[in-house]
Amino acid sequence: MQLTCLAVVLALVATGLTSPAVAQSLKPEYKLSVVPGPNTAWGMGAQRFADLVRERTGGRVNIKVYYSGQLFAGQQTNEFLLLRRGVADFTLSSTINWSPQVPQLNLFSLPFFFADYTEVDAVTSGEAGRRIEELLGKLGVRVLGWGENGYRELSNSVRPVARPEDLRGLKVRAVGSPIFIDTFQALGANPVAMNWSEAVTAFQQGIVDGQENPVTGIYIPHRLWEVHPNLTIWHYTLDPLLLTVNERVWQGLPEDLRQVIAQAAVDAMVYEKAVARAGLDDGAALATLAELGEQVEVTDPLGFLEGQGVQVISPTSEAMEAFRKATEPVRAKWRATIGEDLVTAAEADKASA
Ligand code: X2X
C-alpha cells in the first residue's frame, strides 16, 4: 500500500503535478492596504497598480485597494503585522508606519539626512535599499517597488516657523513612532502621537497646532492649508513607500502572472513617484507624467498654496544649520538602532549620487 502511494507520488512529481503550480488557485480578490485616501499620490499609485494588474492579467488577478487604513482600523503602525498575518495580501506602505517593527526603516526618518531627491534615489536603488529588501524578504514580505510619500514639511496654525526657536511649545502631531517624538522634543516642540485616521479632525478642531507631511502627497489633497496656513519647507525627512506582497501570497501565484505583476508594480511606482514630485523637483516628474500621457491638477504646488494665502517659508541656510545642530543627538542615538552598517551603506550610496 505504502509502496503504491509512493509510486503515485513519484509519478505525479515526474509529470510536474505536485509542483507549486497545482496548489496555485487564484483568490477572487486580493486586498491591498494603504493609509491615506484615494486622491493622494499614494492612493493614486495603489489604484494604478491594481488597474495595471487587472488589465495585464486579463482580469485574472483582481486587487482591491482598501484606503484610509480600513484593513487595520486606522492603527497604521500595525500594518506590517497584518500583512505578515495575511490580513492584507499587498500593501503600499510608508517606511514610517513599519519602523516600530522594522527599526532599520527609521533610516528614512533620520532628521536632515537626505539633502535632495538624487540622494534619496541613490539610497533606495542602491546598496542600502537592497539590504532593506533582503531584510524584509527574511520577514516574509517581498518588495515589488519603491514609491514615495515625499519630503515631510511642517505646517501649523500658530505662526511662521523659520528657525528652531519658532517651534518652541508648538503641539505637533506626529506618527506614533518614537524617532518622531525624539526629533520634535529635540527641537523644543511638544509632539503628540496620533494616527492619521484621527489627525485631520484633530487639526480642524485645533487639538494640535501643527503637523508634518508632504506637500503634494498629503497637505494639498487633504486641504490642510485651510487649517495650517504656515508651511515650512525644510525637507527634514522623506518617507518612501514600499509596494509589497506577502511572500506566501506571492508563491501562490503562477510564475507567468508573477512576472506581469512585478512589472506592473515598477510601472505603477514610476507614475506614483512622478505624481508625488510633480512641481517640486527639477521638472523631471512633470516630464515623466507628460511621457505617460498623464496630468496632475496642480503643477506648481508652492505657487498654488501661496495663491491660497499660505505663507510658504524657506528657512535660511543659517536656520537650516540650527535645525540640523539641534537634531544631532537624535541622529547619533538612532544610528545605533537602525544599525551602523546600514547607515554607512546609505551614506556611501549618497556619496556616489
Ligand atoms: O500618518 C501620516 O502622517 C502619513 C499619512 O504620512 C503616514 O502614514 C506616514
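In this predicted model, the side chains of Glu148 and Arg277 meet in a salt bridge, with a nitrogen-to-oxygen distance of 2.7 Å. Glu148 belongs to strand E4 (residues 141-151) and Arg277 to helix H12 (residues 255-277), so the pair ties together parts that are 129 residues apart in sequence. Both residues are buried.

A second salt bridge joins Arg152 and Asp239, with 3.1 Å from N to O. This pair, too, links distant parts of the chain: Arg152 lies in the loop between E4 and strand E5 (153-156), whereas Asp239 lies in strand E10, 87 residues apart. Arg152 and Asp239 are both buried. Salt bridges with shared partners also join Asp121, Glu148, Lys273 and Arg277 into one network.

A salt bridge may also lie within one helix. The side chains of Arg54 and Asp51 meet in such a bridge at 3.8 Å, N to O. Both residues are part of helix H3 (residues 41-56), where they stand three residues apart, about one turn of the helix. Arg54 has a relative accessible area of 30% and therefore counts as partly exposed; Asp51 is partly exposed because its value is 32%. In total, the structure has 23 salt bridges.

The next topic is the packing of two helices. The axes of helix H7 (residues 127-138) and helix H17 (residues 340-351) come within 7 Å and cross at roughly 140 degrees. On the H7 side, Glu127, Ala128, Gly129, Arg131 and Ile132 take part in the contact; they meet Asp341, Leu342, Ala345, Ala346 and Asp349 of H17. Sorted by class, this contact of H7 with H17 has five nonpolar, one polar and four charged residues.

Nonpolar residues also occur on the surface. Val266, Val270 and Leu292 form a nonpolar patch there, and together they have about 220 Å² of accessible area. Leu292 is located in the loop between helix H13 (284-291) and helix H14 (301-307). Its relative accessibility is 40%, so Leu292 counts as partly exposed.

Finally, the backbone deserves attention. Most residues other than glycine have a negative phi. Ser68, although not a glycine, has a positive phi of about 55 degrees. Ser68 lies in the loop between strand E2 (63-66) and helix H4 (79-85), and with a relative accessible area of 43% it is partly exposed. His235 likewise has a positive phi, near 50 degrees. His235 is found in the loop between strand E9 (230-232) and strand E10 (238-246); its relative accessible area is 29%, so this residue is partly exposed.

How values were computed: Residues numbered from 1 in each chain as written. Predicted model: local features only at pLDDT ≥ 70, side-chain atom pairs only at ≥ 80, totals over all residues. Heavy atoms only, no water. Patch = residues over 30% accessible without salt bridge, like charges linked within 9 Å, V, L, I, M, F, W, Y side chains within 5 Å. Areas by Shrake-Rupley, 256 points an atom, 1.4 Å probe, with all protein chains shown as cover. Salt bridge = Lys/Arg side-chain N within 4 Å of Asp/Glu carboxyl O. Helix = DSSP H or I, 4+ residues; strand = E, 2+ residues; numbered from the N terminus. Buried < 20%, exposed > 50% of the residue type's maximum accessible area, 1.4 Å probe, protein only. Axes fitted to C-alpha atoms, helices over the stretch in contact; angles between N-to-C directions. Contact = heavy atoms within 4.5 Å. Nonpolar A, V, L, I, M, F, W, Y, C, P; charged D, E, K, R; others polar.
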